[in-house]
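Trainee: Hi! Could you walk me through this protein? I'd like to learn how to look at a structure.
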Amino acid sequence: MGVILDTGGPGWRLVVWVVTESYHELERCVTPADIAAAAGISSAARRAGRLAARAALRVMAPGAVVGYDSHGAPFLASPGQHMGREGVGALLDGNSERDSLLPQGCGEGTGLHVSFSHCPGAAAAIVARGACAVDIERADRNFERAAPRFVSERERTVRGSFSGLFLPAVWCAKETLYKYARTPGTDLLRDIEIESFDPAAGEITARLGKRSGIRVAFRTVDGYICCHIPGGVSGSERTGAKTNNI
């Protein structure tokens, strides 16, 4: 089984799935609806990534039905036959306030939000009571050539930017913040600004639009870097996540 990391905190849970299975083995880890949705993807690699991301969700919510809001952002539309009301409560210990900036319709049905990400060889899913987002990338991917498109000269001077994880973490964090914003056209340079980078704590703070101090947790997992924002995180709240090298 491909699960490498299964962790969480009050109101959220994160699963990282490092793929060791064949496509047909992945099919046995998901629902028929997941298989049907992936079948329409032309790229074999992206089909496998889609199934791995859904497999990560199935660790947490085996029968949940995924819906999409008007911006294309996913949410859990129904807990499914394997998750009754008690199951939803057991999934996430604690409570988080609904993010007031969320568009109407997010998280409807169960009140639970979900976010997915996949890259070659790995996938991640996060479920939370409030707005959430996740992104995963290979930690050894070379981002230097693309850096001018997503990191400014000022951002390159923040404390900790000497770390070899800086560019992968910033890219991953900005992709996470882009999903969290749920605003088409959000620009990675203009609208998202890295304010601090702490590789030891596994934490980045950033400005998103006019909101400052949004905290993004990151960790390395079996050669991948995963960033996430769990539900209910604001500029004055900490994610509580620590770096794990697994």
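**Starting from one residue**

Mentor: Happy to! Let's begin with Arg-149, which sits in the loop between β7 and α5. Keep in mind that this is a predicted model.

Trainee: Okay, is Arg-149 buried or exposed?

Mentor: Arg-149 counts as exposed because its relative accessible area is 63%, and the cut-off for exposed is over 50%.

Trainee: And what does Arg-149 touch, leaving aside neighbours within four places in sequence?

Mentor: Arg-149 is in contact with Leu-188 and Leu-189. Have a look at Trp-171 too: Arg-149 and Trp-171 are 22 residues apart in sequence, and their C-alpha atoms are 9.9 Å apart in space.

Trainee: Let's zoom out. How many helices and strands does the protein have?

Mentor: You'll find five helices and 11 strands. The protein has 246 residues, and 50% of them are buried.

Trainee: What about the surface of the protein?

Mentor: The accessible surface is about 11,200 Å², and carbon and sulfur atoms account for 50% of that.

Trainee: Now the inside. Which residues touch the most other members of the largest nonpolar core?

Mentor: Those are Phe-150, Leu-177 and Ile-204, in a core of 30 residues. Two or more residues of this core come from each of α5 (166–181), β8 (192–198), β9 (203–208), β10 (211–221) and β11 (224–229).

Trainee: Which of those gives the most to this core?

Mentor: That would be α5, with 10 residues.

Trainee: Can we go back to Ile-204? What does Ile-204 touch, not counting residues up to four places away in sequence?

Mentor: Quite a list! Among them are Ala-169, Val-170 and Ala-173, along with Ile-194, Phe-197, Ile-214 and Phe-218. There is also a second, separate core of 22 residues, including Leu-51, Ala-64, Val-66 and Leu-112.

Trainee: How many residues of the lining are nonpolar, polar or charged?

Mentor: The lining has 18 nonpolar, eight polar and nine charged residues.

Note on methods:
Residues numbered from 1 in each chain as written. Predicted model: local features only at pLDDT ≥ 70, side-chain atom pairs only at ≥ 80, totals over all residues. Heavy atoms only, no water. Helix = DSSP H or I, 4+ residues; strand = E, 2+ residues; numbered from the N terminus. Buried < 20%, exposed > 50% of the residue type's maximum accessible area, 1.4 Å probe, protein only. Areas by Shrake-Rupley, 256 points an atom, 1.4 Å probe, with all protein chains shown as cover. Core = buried A, V, L, I, M, F, W, Y, C linked by side-chain atoms within 4.5 Å. Contact = heavy atoms within 4.5 Å. Nonpolar A, V, L, I, M, F, W, Y, C, P; charged D, E, K, R; others polar.
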